[in-house]
Structure formats: structure tokens, C-alpha cells
Amino acid sequence: MSIGHPPVVTFLSDFGLDGAAAICHGVILSLCPDAQIVDIAHTVPKYSIADGAFILASALPFMPIGVHLAIVDPGVGTQRRPIALQARRGDLLVGPDNGILVAGADALGGVVEARELANQELWGPTVSSTFHGRDVFAPVAARLAARTARLAEVGPVLEVAELVQPPVRRALVRDGWLETEVIYVDSFGNLRLAGSEADLAQLVERNRRPLGLTIELPDAAEGTQGLESTFVATFGEVDDRASLVYVDSGGHLALADNRGNAAARLGATTGTRIRIRAR
Amino acid sequence: MSIGHPPVVTFLSDFGLDGAAAICHGVILSLCPDAQIVDIAHTVPKYSIADGAFILASALPFMPIGVHLAIVDPGVGTQRRPIALQARRGDLLVGPDNGILVAGADALGGVVEARELANQELWGPTVSSTFHGRDVFAPVAARLAARTARLAEVGPVLEVAELVQPPVRRALVRDGWLETEVIYVDSFGNLRLAGSEADLAQLVERNRRPLGLTIELPDAAEGTQGLESTFVATFGEVDDRASLVYVDSGGHLALADNRGNAAARLGATTGTRIRIRAR
Amino acid sequence: MSIGHPPVVTFLSDFGLDGAAAICHGVILSLCPDAQIVDIAHTVPKYSIADGAFILASALPFMPIGVHLAIVDPGVGTQRRPIALQARRGDLLVGPDNGILVAGADALGGVVEARELANQELWGPTVSSTFHGRDVFAPVAARLAARTARLAEVGPVLEVAELVQPPVRRALVRDGWLETEVIYVDSFGNLRLAGSEADLAQLVERNRRPLGLTIELPDAAEGTQGLESTFVATFGEVDDRASLVYVDSGGHLALADNRGNAAARLGATTGTRIRIRAR
């Protein structure tokens with residue numbers, strides 16, 4: 001499978017909504033006038049590689065095969081490497097080497113080729129020290145989408161094993177608790193957790209539903225210990241404002257308040273530890 | 001009139017800006033590569049059918065004839081019906097049956113056909129319990145836009161009279177007051193009200209302008225009783241920060257502060273009651 | 001150079017994200033179905049001509065030659081003139097005459113022709129008193145992009161010298177201090193300043209880097225006097241949270257905290273005065 005016509009270019013960044021992402025659109029359309037640009041998100045929390053990796057990996061499997069630009073770049077202007085990856089599905093990913101692109105490629109079957117962006121002929125006409133999205137990444141992504149450059153031309157091959165890896169968070173069962181953590185807080189305030197339904201199943205005899213749960217946030221204030229929740233298939237199975245645990249649309253466990261905002265109520269953010277036990 | 005080429009797909013949701021709406025873009029472009037997607041809004045207050053209905057009805061008359069996807073779905077995963085409507089102008093609307101689509105269709109001449117989405121062959125490959133935007137609504141909308149499915153194929157006909165209706169808010173004149181309520185707070189903090197200039201005209205001899213008004217918010221703190229305002233044609237007719245009542249771009253009465261934020265100053269939100277009297 | 005096919009229409013406003021900008025998209029696509037619309041920003045601080053001018057001037061040089069719609073319009077409904085400009089590069093700009101369009105055109109080589117929008121045949125079917133984006137500016141921009149109208153048809157020529165000019169802010173050196181002010185706060189909280197590296201160079205012997213600086217905010221609280229910072233090429237040259245002065249991607253001096261938010265820490269906004277001295 002390969003990139004279609006017109007080529008899709010997806011774009012994720014922490015640039016916010018005040019023009020920087022739009023400037024990259026302009027660069028892309030100048031070099032690839034028929035690009036169909038899909039903005040995945042530009043409100044990734046500033047510098048948060050973990051959040052960017054979660055959003056990118058959630059989105060890419062649903063995108064057409066294309067070129068995927070992902071720029072959360074706290075190291076801009078330092079020695080971190082600018083890279084391009086090819087994923088097994090046929091997609092190309094462009095951005096800094098900080099783990100986000102690998103997370104995205106993993107969601108597309110894994111990295112099959114990695115190259116460092118070293119061929120400055122494919123970059124913009126000038127290169128600032130603070131806006132490589134505009135000056136390096138968008139021009140290379142646009143040329144790859146337009147097929148005016150091939151992956152082999154962007155720079156030398158990198159060992160896949162040398163790439164910076166995305167943060168890994170695992171759930172584990174210990175002393176009758178599922179110990180996990182928040183890997184993402186979505187815009188509804190739902191807490192996406194490490195771990196799957198299979199992890200939760202280790203706590204209980206199978207197929208018992210609805211399943212009463214006790215939740216603890218070891219790092220939070222006392223009032224958020226011993227929280228009662230229920231494992232259900234969907235929000236409508238619990239009362240308004242009641243807590244539920246469910247399998248989210250990406251296959252992760254998630255903790256939410258029905259029609260409420262669990263993150264705000266519990267004071268939880270990406271990285272907050274969560275313990276879950278069957279009642 | 002019918003949907004043009006390339007087909008326009010508009011999209012309104014309360015999904016926020018962190019990737020869920022973009023995933024639906026990916027689904028749409030995968031099934032309808034030449035779709036021209038117009039994002040109407042994705043920052044609709046969470047679960048607010050009233051706000052979603054207002055924004056959709058305001059926007060659709062200005063959109064090309066197309067497929068309109070509108071997803072504010074507090075009942076996802078419950079028995080609420082997924083539907084598609086045809087409006088008199090020729091547009092198709094897709095989303096949950098909760099009143100928003102009817103509000104949108106009414107702005108396009110009314111509903112001429114309604115069907116329940118029951119044909120799962122037109123849905124995505126897997127259906128989660130929490131993200132029907134990705135798994136049900138976007139795939140059906142995309143296939144309708146691409147003409148790889150016709151409305152008659154999505155599922156059985158529904159009686160139009162059976163559809164969930166949007167919230168109705170009316171202005172009425174009583175004891176010399178126009179009693180109305182806030183139907184929407186726009187991003188400037190202007191309060192869009194139920195009622196039209198004709199309603200206001202019942203209070204006074206016609207054509208008297210500028211017309212001095214007294215405003216009361218019966219539910220608000222004492223300080224917001226007896227507010228002085230003026231009925232004028234446009235903002236520039238009153239001083240900076242002064243209160244005005246005007247006919248908004250959708251034909252509703254609206255209450256604003258010139259270059260200020262009336263909603264913040266008055267503590268008003270969607271649903272706040274407003275009483276208006278001529279001075 | 002002239003506008004390409006498909007025509008690019010860029011769009012900047014302070015309309016926010018709740019549907020008003022989308023309505024203008026609908027109007028544009030109705031009149032110019034193949035328009036490729038690039039949203040530059042719609043979250044410009046309400047009514048802020050200075051912020052709109054900064055964002056537009058930063059973005060336009062990176063956009064394809066096109067039609068640029070820029071609407072921050074505190075004077076809607078008053079006597080301020082609706083205008084269209086041609087820039088030296090070949091672009092057309094459409095919006096109210098309040099300085100923003102001139103700022104944008106200056107970034108494209110300057111204004112070569114100015115006209116007042118007076119030909120109401122090119123406007124929308126009805127003209128509200130509060131939403132000229134929908135009713136006047138978007139229709140004219142769309143017709144220019146579609147080439148169903150030429151610039152000469154929009155209305156009479158205006159003297160370029162008569163156009164409202166954008167706010168000018170200059171840096172000046174006095175008593176060993178570079179006196180400047182914040183011309184824009186970007187979404188990272190970085191303070192973009194009037195003045196360039198050449199201005200800063202007047203303070204010191206050349207090429208001394210890293211260069212220790214003392215910063216003062218004359219209008220701010222006492223705690224923000226005597227701030228230590230360093231002039232460096234890029235963020236990575238200072239510690240996390242440390243203050244730096246750098247040349248931003250637009251060639252302006254800027255004051256930032258590495259991986260922090262300088263605007264929030266210092267309480268600075270557009271217009272805040274800043275004094276810089278070499279240590």
C-alpha cells in the first residue's frame with residue numbers, strides 16, 4: 001500500500017492555535033499544492049511527548065495512508081535529530097526523534113526504515129533556531145507527499161534500535177490490586193489508563209458484570225481514596241455523575257464520571273497513579 | 001438541488017480539539033477521498049444539545065448543499081437511535097436522534113425523510129461502545145457523500161413525527177415585559193435571546209429609535225436588576241462598554257456590551273431568564 | 001506572480017471557534033467551490049488589531065499567493081471602510097480598513113492598489129449590521145478567488161496614503177538600555193519584542209555570546225525588576241526554566257523561559273514595556 005492521490009498530510013503539534021500551525025500549512029501547500037491536510041491536534045500540552053504520543057497513536061490507524069508530521073519539540077535547536085520513518089502500512093512520519101514518531105509508527109505496524117533529515121536541499125530557504133516545524137519538518141513532509149523527494153533522499157539511514165522510544169506505561173497486578181496510571185486525560189476529563197480488559201480480568205472471576213470496583217489514587221488527597229466505581233460496557237449503564245470504568249475506543253481501560261469530568265473531580269493528570277480492586 | 005462535486009461534509013461535535021474529531025476526518029477521507037470537510041465547531045459545551053442545535057441551525061443555511069454530521073451524544077451506547085435525515089433543500093444530516101439534527105434540518109426547510117441507521121454494513125469495521133462518531137456516524141456520512149450508499153440503504157424509514165425535537169424557547173410579552181431567555185452565548189460573550197424584533201415591538205410605539213430599555217435577570221444577583229440598555233441597529237451606536245440590544249445576524253434579539261463581554265459581566269449562560277421593558 | 005489553481009484563501013479573525021468562521025467557510029465554498037482555505041487563526045484576542053496584525057504579517061510570507069481575508073472588526077456597522085488591497089507579491093487582501101490588512105500587505109512587499117468595497121452586487125444576499133465577515137468580506141474574497149470578480153470591480157480606488165496604518169512599535173536605545181515593548185505573546189508565553197538583533201547589538205561589543213542581560217518591566221510589580229537573562233541562539237543553551245533572549249523565527253527579539261511561560265511568570269501582555277541592558 002502506498003500514499004494516495006491527492007496525498008494526505010496529517011499534522012500534530014503543541015503549537016497552539018495562534019498561527020504557527022497555519023504557517024506550516026502554507027509551507028506544505030506551497031510545495032505540495034494538492035495536499036489534503038488533516039490537523040490531528042495542535043493543543044497537545046506544551047512539550048508533552050507522552051500526550052503527543054497517545055494522541056498520534058490513537059489517530060493514525062484511522063487516517064488514510066499518508067505523510068504524518070508530528071512536532072512536539074522541547075529540544076528544538078539542540079542536538080536532537082530530525083528524522084523520517086517509514087511504517088509497515090506504507091506511511092511516512094516526519095518530526096524530531098523524541099519517541100512520538102515511533103509511537104505513531106508502532107500503531108501502523110512498526111518502523112521499517114528510519115532516516116535522519118540531513119539533506120538541507122529539501123529544507124526551507126532559511127532555517128531559524130526555534131521553528132524547525134516551518135523550516136525543516138514541513139518542507140520535507142511536503143516534498144515527500146508531493147513525491148518531489150523520496151525517503152532515500154532525506155538523509156542517511158538510522159538504526160531502528162537507535163531511535164528514541166516513546167514512554168511505556170504498563171499495568172501490573174499486585175496483592176489483588178491492578179496498579180496502573182493515567183496515560184492521557186481526554187477533553188471530556190476521562191482518564192485513559194495503561195492496561196486492558198485482560199489486565200482487569202485477573203482481579204476477578206470472568207464475566208461478572210456489572211463489576212463493583214474500588215479505586216485509589218495513592219498520590220491524591222485523602223478524599224479520593226476508596227472511590228467506588230463500576231466496570232461496565234458503556235456510560236449509559238451508570239447514573240449521571242456516577243463513576244465508571246470502561247474499555248475506551250482504543251482498547252485501554254478508562255475511568256470516567258458519566259456526564260461529568262473525572263479528571264477535574266479527582267485532580268488527576270497524565271502520570272497520576274491509579275489502583276483498582278474488585279469490591 | 002443535490003449534493004455537489006466534490007461533496008461538502010460539514011461536522012459539528014462536542015469532541016474538543018484533541019484528536020477525536022480528526023479521527024473522524026480520517027474515517028471520512030478514507031471512504032470519500034474527495035470530501036471537502038468543513039468543521040463547524042468542535043467546542044460545543046460538552047453534552048449540550050441546546051448549544052449544538054443553535055450553532056448548527058445558524059450555520060447550515062450558509063453551507064453548500066452537503067452531508068452534515070452533528071454529534072453531541074450524551075446517550076452514546078444506550079438505546080437512543082442513530083439516524084439520517086434528508087432536508088427539503090437537498091442536504092443529508094447524520095447523527096444521534098436527540099434534536100440537533102431536526103434543528104439543523106428545520107433551518108434547511110424541514111425534514112422530508114428520516115431513517116434509522118441499522119445497516120451495519122455501512123458502519124466501520126468495529127463498533128466501540130463509546131465512539132459512535134468514528135464507528136457509525138462518520139462512516140455512514142462518508143458513504144452518503146461518496147454516493148457509495150444511498151439514503152434508502154442506511155436503514156428503515158422513521159416517522160418524522162417520532163423524531164426527538166430540539167429544545168424550543170419562546171419569548172412572550174406579559175405585564176409590559178418581554179420575557180425571554182438566553183438561547184446561546186457566543187464567543188464574544190453576547191447573549192443571543194429567544195424572540196425577534198417583532199416581539200420587542202409589542203412593547204413600544206413603532207420606529208422609536210434609539211429605544212431606551214430596562215433589563216432584568218430575575219435569577220441573577222441583585223446588582224444585575226434594572227440594567228439600562230438601548231435598542232440600536234449596531235454596536236457603534238453606543239459607547240464603549242455600554243449595553244445594547246440588537247438584532248443579531250440570525251434574526252434573534254441579542255444583548256451585548258460594546259467591546260465588552262456581557263455574559264461575564266452579568267453571569268449569564270444558556271438558559272438564563274431575561275426580562276426587557278421599554279424605559 | 002498571480003493566484004494559483006486551486007486558489008488559496010487564508011482567513012484570520014477574532015471570531016473564536018464556535019461557528020462564525022465556519023459560516024464564512026460555507027460562504028466561500030458556495031461561491032468558489034475549489035477554494036483551498038487555510039485558517040491562520042480565529043482566536044486573535046477579541047478586537048485586538050495589534051495582535052491580528054502581528055499574526056497576519058508573520059504568516060503571509062509563508063502562504064501561497066492567494067486571497068487573504070482578515071477580520072478583526074471592532075467598528076463593524078460604523079463608518080469604517082471595507083477594503084481590498086493588492087500586495088506587490090500578487091496577493092489580494094480583504095477586510096476592514098483598520099491597519100491589519102496594511103500590516104499583511106507590508107509583509108508581502110507593500111500595497112500596490114487599494115479599493116473600497118462599494119459594489120454591493122458582489123456581497124451576500126442580505127447584509128446584517130453585525131456580521132460583515134459573512135455578508136461582505138467572505139463573498140468578495142470568494143469571488144476574487146474564483147475570478148468571478150476582478151479587483152477593479154469591487155469599488156473605487158483609494159489612496160494608499162489614506163489607509164489606516166497598523167500600530168508601530170519601535171525599540172530605541174537610551175542611557176545604555178534598549179527600551180522596547182511586547183508586540184505579541186505567543187501560545188508558549190514567549191514575549192515577542194519590538195526591535196532586532198541589531199538594536200541589541202548597540203548595547204555591547206559585538207559577538208560576545210552568551211551575553212548576560214538584565215531585564216526590567218517598568219510597569220510591573222517590584223519582583224520583576226532586575227531579572228537576569230541571557231542572549232543565546234536557541235532555547236537549549238540555557239537551563240530548564242531559565243530566562244533567555246533570542247531572535248525569533250520572524251527576526252524579532254523575544255524574551256522567554258526555557259520550557260516555561262514567561263508571560264505568565266512576569267504578568268506581561270501585548271504592550272507591556274520592557275527594558276534590556278547588558279550585564
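A salt bridge here is a side-chain nitrogen of Lys or Arg within 4 Å of a carboxyl oxygen of Asp or Glu. The model is predicted.

**View 1. A salt bridge links two strands of chain B.** Glu179(B) pairs with Arg275(B), their closest N and O atoms lying 3.2 Å apart. Glu179(B) sits in strand 9 (residues 177-185) and Arg275(B) in strand 15 (residues 273-278), so the pair ties together parts 96 residues apart in sequence. Glu179(B) counts as buried, at 17% relative accessibility. In chain A, salt bridges with shared partners join Arg174(A), Glu179(A), Glu216(A) and Arg275(A) into one network.

**View 2. A salt bridge joins two loops of chain A.** The side chains of Glu162(A) and Arg81(A) meet at 3.6 Å, N to O. Glu162(A) lies in the loop between helix 4 (132-146) and strand 7 (172-174), and Arg81(A) in the loop between strand 3 (67-71) and strand 4 (82-87); the pair therefore ties together parts 81 residues apart in sequence. Glu162(A) is partly exposed, at 45% relative accessibility.

**View 3. Asp135(A) and Arg134(A) form a salt bridge.** Their N-to-O distance is 2.6 Å. Asp135(A) is buried, with a relative accessible area of 2%. Arg134(A) also counts as buried, at 6%. Over all chains, the salt bridges number 51.

**View 4. A rotation relates chain C to chain A.** Turning by 120°, with 0.0 Å of shift along the axis, superposes chain C on chain A at an RMSD of 0.0 Å. The two copies are thus related as by a three-fold rotation axis. They use different surfaces: 4% of the contact residues of chain C recur in chain A. Within chain C, Gln36(C) comes closest to the rotation axis, its C-alpha at 5.4 Å.

Notes. Residues are numbered from 1 along each chain as its sequence is written. Chains are lettered from A and ligands numbered from 1 in the order in which they are written. This is a predicted model: local features need pLDDT of at least 70, side-chain atom pairs count only at pLDDT 80 or more; totals for chains, interfaces and linings use all residues. Side-chain values use heavy atoms; hydrogens and water are left out. Copies are superposed by least squares on the C-alpha atoms of residues with pLDDT of at least 70 in both. Contact means heavy atoms within 4.5 Å. Helices (H or I, at least four residues) and strands (E, at least two) are DSSP runs, numbered from the N terminus. Buried means under 20% relative accessible area, exposed over 50%, partly exposed in between (1.4 Å probe, protein chains only).
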